[in-house]
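Here are a few exercises to work through with the structure open beside you. Try each task before reading its solution.

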Amino acid sequence: MPRDAPAAPSRHQRADGAFELGFGTSPRGTVLRTLFQQAPLRLLFPDPEPGEPPTAALLNCAGGLAGGDALRQAVRLEPGARATLCTAAAEKVYRSLGPATRIETRLSLGAGAVLEWLPQETILFDGARMTRRMRAELAGDARLLAAEMLVFGRAAAGERMRRGAVLDSWRLAGPGGLLWADALSLDAPAEQLAAPFGFGGAEAMATLLLAAPEAEAMRDLLRTLPEQAPGAATLPRPGLLLARWLGGASAVRRATGAAIAAIRGAALGLPPRLPRLWTT
């Protein structure tokens, strides 16, 4: 073969997506300070509805994630800034032939900042392998509402996740250091998801985290909402609310959405509704 012959294309061109997003404040309110995006990730900024903070819509232009793909996501809010970040649709993690899909997220909130991290659900195909790590760092008086939902298989097609692996890690730090840490590990999903004292056959799981002085009142509020899916709400420490739901994919999504809407209105001073991207 001639030396200058082009190399044969790889069977799978692994995605290496990234974005860095920064908001600050001005006399006009919260404004965009920094933006970096690397394909296949892209950020759009729809005009916010009345009463809503600036909203960033995250898109994966590749249409899903395969084994070996990597995403790096970073959001920074200066003191006093307010923003919402949602995905435009559910994320799909396809069956892997070996390597895991890697997703790294870092959130940084200055004093008095308010961030909503509200991506829609992540659908794990049978055989998917995903390692996802999220770290949030909060300065004094910052407020964070974060939610993530996992669907174990293509529920609408009757598929269940029986093979593959998941490591989903959360870390929350404040001015004094680590506030909360948690991780989900699935390495034998067929057995773990079916176990009666594990996931009990649930199709989906959602986690909601609120860091705010109103955390205790929000726990009591969530307990009054109509039950869409089996769930629980607790206070790992003062000023921190943790809620989780297990059940059918549609029911878990409805329960998570109802909780987000209620907390937005009661704790964040926002309209008590889901962000528009969740409903369009």
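The exercises below move from model confidence to salt bridges and then to the nonpolar cores.

**Exercise 1. Find the part of this predicted model where pLDDT stays under 50.**

Solution. Start with the overall picture: this is a predicted model, its mean pLDDT is 93, and 95% of its residues reach 70 or more. Next, look at residues 1-10, where pLDDT stays under 50. For this stretch the model has zero contacts beyond four places in sequence. Where pLDDT is low, the predicted coordinates should not be read in detail.

**Exercise 2. Work out which parts of the chain the salt bridge between Arg264 and Glu52 ties together.**

Solution. Begin with the pair itself: the closest N and O atoms of Arg264 and Glu52 are 2.5 Å apart. Now place each partner. Arg264 belongs to helix H3 (residues 249-267), while Glu52 sits in the loop between strand E3 (41-44) and strand E4 (55-60), so the bridge joins parts that are 212 residues apart in sequence. Then check burial, for which the limit is under 20% relative accessible area. Arg264, at 0%, is buried, and Glu52, at 15%, is buried too. Finally, widen the view: Arg264 and Glu52 are part of a network of salt bridges that also links Glu49, Glu116, Arg273 and Arg276. The count of salt bridges comes to 18.

**Exercise 3. Describe the largest nonpolar core and the surroundings of Phe152.**

Solution. First, note that the largest nonpolar core has 46 residues. Phe152 is one of those with the most contacts inside this core, a group that also includes Phe19, Leu85 and Leu107. Next, list what Phe152 touches, leaving aside neighbours within four places in sequence: among its contacts are Leu124, Met161, Leu186, Phe199 and Met205, and also Glu159 and Arg160. A second, separate core of 35 residues includes Met149, Ala212, Ala233 and Ile263. In soluble globular proteins, nonpolar side chains tend to be buried together.

Methods:
Residues are numbered from 1 along each chain as its sequence is written. This is a predicted model: local features need pLDDT of at least 70, side-chain atom pairs count only at pLDDT 80 or more; totals for chains, interfaces and linings use all residues. Side-chain values use heavy atoms; hydrogens and water are left out. pLDDT is the predictor's confidence in each residue, from 0 to 100. Contact means heavy atoms within 4.5 Å. A nonpolar core is a set of buried Ala, Val, Leu, Ile, Met, Phe, Trp, Tyr and Cys residues joined through side-chain atoms within 4.5 Å. Buried means under 20% relative accessible area, exposed over 50%, partly exposed in between (1.4 Å probe, protein chains only). A salt bridge is a side-chain nitrogen of Lys or Arg within 4 Å of a carboxyl oxygen of Asp or Glu. Helices (H or I, at least four residues) and strands (E, at least two) are DSSP runs, numbered from the N terminus.
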